[in-house]
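Trainee: Hi, I have a fold open on my screen and could use a guide. Can we walk through it together?

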Amino acid sequence: MGVTQSDRFDTVIVGGGHNALTAAAYLARVGQRVLLLERLDVLGGAAISAPAFEGVDARLSRYSYLVSLMPRQIIDDLGLDVRLARRKYASYTPDPADGGRSGFLASTHDFAEFGALCDSVTRPMWDSMLKPLQRRSDIRAGAWEQLVEAPIGEVIRSATPDDLQRGVLLTDALIGTFASADDPSLQQNICFLYHQMNPWDVPIGGMGAVTGSLEASARRHGAELRTGAEVLSISPDGEVRYGTGGEEHTVAGGRVLSGVSPAVLANLLGETPPAGQPGAQVKVNLLLKRLPRLRDETVTPEQAFGGTFHINETYTQLENAYRQAFSGQIPDPLPCEIYCHSLADPSILSPQLRASGAQTLTVFGLHTPHGLAATGEQLQDAVLGSLNSVLAEPITDVVATDVHGRPCIETKTTIDLENALGMTAGNIFHGGLQWPFAEDDEPLETAAQRWGVATAHDRILLCGSGSRRGGGVSGLGGLHAAMAVLEAR
């Protein structure tokens with residue numbers, strides 16, 4: 001049976017993450033008939049908030065946890081009720097040389113000269129994010145040779161002789177990216193520049209507040225959003241076959257936007273998936289009865305956990321950890337960094353939990369590549385062991401328990417990301433970040449090419465983290481796909 005007129009849409013969007021919702025809202029608000037299909041029963045993809053521990057009234061951002069690169073224009077255009085908070089401190093790093101009895105509490109002014117160097121390159125990049133792609137030669141500015149054309153390790157080593165401070169700078173190059181500081185691929189440079197382009201802010205109400213507002217905007221503008229709808233195949237001419245409630249359906253779109261990874265899209269098209277990069281991180285969510293005591297008595301727990309808390313992340317430790325993981329071992333100690341959402345935004349906790357002094361912790365372990373021969377339990381043990389190496393008391397002594405008396409600890413590995421969210425090889429960037437500009441000889445003939453969302457098929461566009469400037473909770477992938485669709489009309 002063919003596709004009826006009622007099953008034809010201007011745009012069909014595959015996937016229901018924050019970028020897909022952004023695209024749906026933008027296109028629906030100009031009168032397009034938009035259908036979005038999400039496999040899970042809840043919208044938001046990796047950007048959701050949910051109770052992680054049974055009987056505990058705390059809504060955690062279980063996968064992604066900070067908002068990055070979301071332009072004010074998206075919030076204003078779509079009428080989003082999104083509030084972002086800046087963390088009070090930049091970071092704290094215990095010194096592993098003395099077992100964490102001293103440390104470095106960084107302010108935004110501590111790396112002012114290095115920050116200005118980065119701004120000379122990233123500011124033009126950020127200014128271009130709401131426009132079609134610029135070419136490499138047109139966007140080249142400032143310390144380009146140091147940050148774009150040479151491995152990031154060189155400029156970091158020249159910025160400071162201090163091994164601990166070098167590590168603080170290097171971590172921005174390694175979140176979700178498996179590389180050394182001097183990797184010739186420069187993947188670490190791309191990751192670093194994305195992290196330097198704009199502040200990473202705390203979403204008030206958690207990630208679910210961001211995607212909930214995007215969902216409300218898409219519905220308000222008339223987009224049709226279907227959950228529990230698993231896409232089974234996509235044809236290059238815009239037909240999408242999906243299953244829901246035990247039945248199969250086929251719809252057609254003038255354009256099909258893919259919010260899933262490029263590898264998943266290739267499988268839906270019946271094509272060979274592109275080679276992508278594996279993910280390389282483990283995330284541990286905890287609910288604590290209170291913040292733990294530190295060995296460093298010169299800082300309070302509120303100061304230490306008020307920004308990014310770096311653990312075993314000196315420059316030397318990060319490089320050693322990469323070599324260990326590359327050889328197939330769990331790094332020992334495992335480099336980790338901690339984010340405490342509830343210090344900046346206690347609204348994710350019930351009044352009773354807030355009154356009790358409870359806090360949430362998100363611990364992000366680096367250099368744990370997909371395919372590492374390690375179980376989730378082993379990785380969790382490595383994370384907690386690394387954390388304990390700088391605390392004055394075991395972290396398990398302050399971990400809260402759920403209604404059944406079980407510790408409130410949840411671990412998400414790259415395998416979990418692949419199985420639960422369809423993130424190929426657990427890569428949070430859908431296969432690896434790309435430079436946010438076009439090469440000088442790159443074709444920019446179509447709207448999709450100009451906006452960095454093109455595929456091999458004219459009617460199918462990327463709209464997720466796999467697009468040229470995707471990655472992070474920014475909405476940019478969705479915005480760029482919507483702009484390409486509208487420009488091509």
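Mentor: Happy to; we'll go through sheets, helices and cores in turn. Keep in mind that this is a predicted model.

Trainee: Got it. What is the strand order in the open sheet of seven strands?

Mentor: The order is β8-β7-β15-β16-β17-β14-β18, and the pairing is mixed. At the edges stand β8 (103–106) and β18 (409–412); each has a single partner strand, so one side of each lacks a neighbour in the sheet. On average, neighbouring strands here are turned by 15° against each other, direction ignored.

Trainee: Which helix packs on that sheet?

Mentor: Helix α7, residues 163–170, does, and it touches β7 (91–94), β8 and β15 (308–311). The direction of α7 makes about 135° with that of β7.

Trainee: Let's zoom in on β16. How many bridges join it to β17?

Mentor: Four bridges, with β16 (residues 336–339) and β17 (residues 359–366) running antiparallel. For example, I338 stands opposite V363 in β17, and E337 has F364 as its bridge partner there.

Trainee: And how many bridges does β16 have with β15?

Mentor: Three, again in the antiparallel sense.

Trainee: Which way do the β16 residues point?

Mentor: C336 and I338 point one way, E337 and Y339 the other, and all are buried.

Trainee: What about β17, how many of its residues are buried?

Mentor: Eight of its eight residues. Both faces are covered, with Q359, L361, V363 and G365 buried on one side and T360, T362, F364 and L366 buried on the other.

Trainee: How many bridges join β14 to β17?

Mentor: Eight bridges join β14 (residues 281–288) to β17, and the two strands run antiparallel. L288, for instance, has Q359 of β17 as its bridge partner.

Trainee: There is another open sheet, with three strands. What is its order?

Mentor: That one reads β5-β9-β6, with antiparallel pairing. Here β5 (67–68) and β6 (84–85) are at the edges with a single partner strand each, so one side of each is left without a neighbour in the sheet. Two bridges link β5 with β9, residues 200–203, and V67 has D201 in β9 as its bridge partner.

Trainee: Switching to helices now. Where is the kink in α3 centred?

Mentor: On D119; the kink in α3 (residues 112–127) is about 40°.

Trainee: Which residues of α3 are buried?

Mentor: F114, G115, C118, V121, T122, M125 and W126. Those buried residues pack against α4 (136–139), α5 (144–147), α6 (152–159), α7 and α8 (187–197). As a reminder, an α-helix has 3.6 residues a turn, so residues three or four places apart point the same way.

Trainee: And G142, is that buried or exposed?

Mentor: Exposed, with a relative accessible area of 53%. G142 sits in the loop between α4 and α5. Leaving aside neighbours within four places in sequence, G142 is in contact with S120 and V121; that V121 is one of the buried residues of α3.

Trainee: How about T211, buried or exposed?

Mentor: T211 is buried, because its relative accessibility is 4% and the cut-off is under 20%. You'll find T211 in helix α9, residues 207–220. The T211 side chain reaches the backbone oxygen of A47 at 2.8 Å. Not counting residues up to four places away in sequence, T211 touches H18, L21, G44 and A47.

Trainee: Last topic, the cores. Which residues touch the most other members in the largest nonpolar core?

Mentor: I13, M125, L147, V148, L170, I234 and L257, out of 105 residues in that core. Helix α1, residues 18–28, gives the most to this core, with eight residues.

Trainee: What is I234 in contact with?

Mentor: Setting aside neighbours within four places in sequence, I234 is in contact with V14, E239, V240, V256, L265, L268, L269 and I460. There is also a second, separate core of 43 residues, which includes Y92, L361, L372 and V383.

Note on methods: Residues are numbered from 1 along each chain as its sequence is written. This is a predicted model: local features need pLDDT of at least 70, side-chain atom pairs count only at pLDDT 80 or more; totals for chains, interfaces and linings use all residues. Side-chain values use heavy atoms; hydrogens and water are left out. Two strands pair if DSSP finds at least two bridges between them. Axes are lines fitted to C-alpha atoms, for helices over the stretch in contact, and angles run from 0 to 180 degrees between N-to-C directions. Contact means heavy atoms within 4.5 Å. Buried means under 20% relative accessible area, exposed over 50%, partly exposed in between (1.4 Å probe, protein chains only). A polar contact is a pair of N or O atoms within 3.5 Å; within protein, one must be able to donate a hydrogen and the other to accept it, and residues adjacent in sequence count only if both atoms are side-chain atoms. A nonpolar core is a set of buried Ala, Val, Leu, Ile, Met, Phe, Trp, Tyr and Cys residues joined through side-chain atoms within 4.5 Å. The bend at a residue is the angle between axes fitted to the seven residues ending there and the seven starting there.
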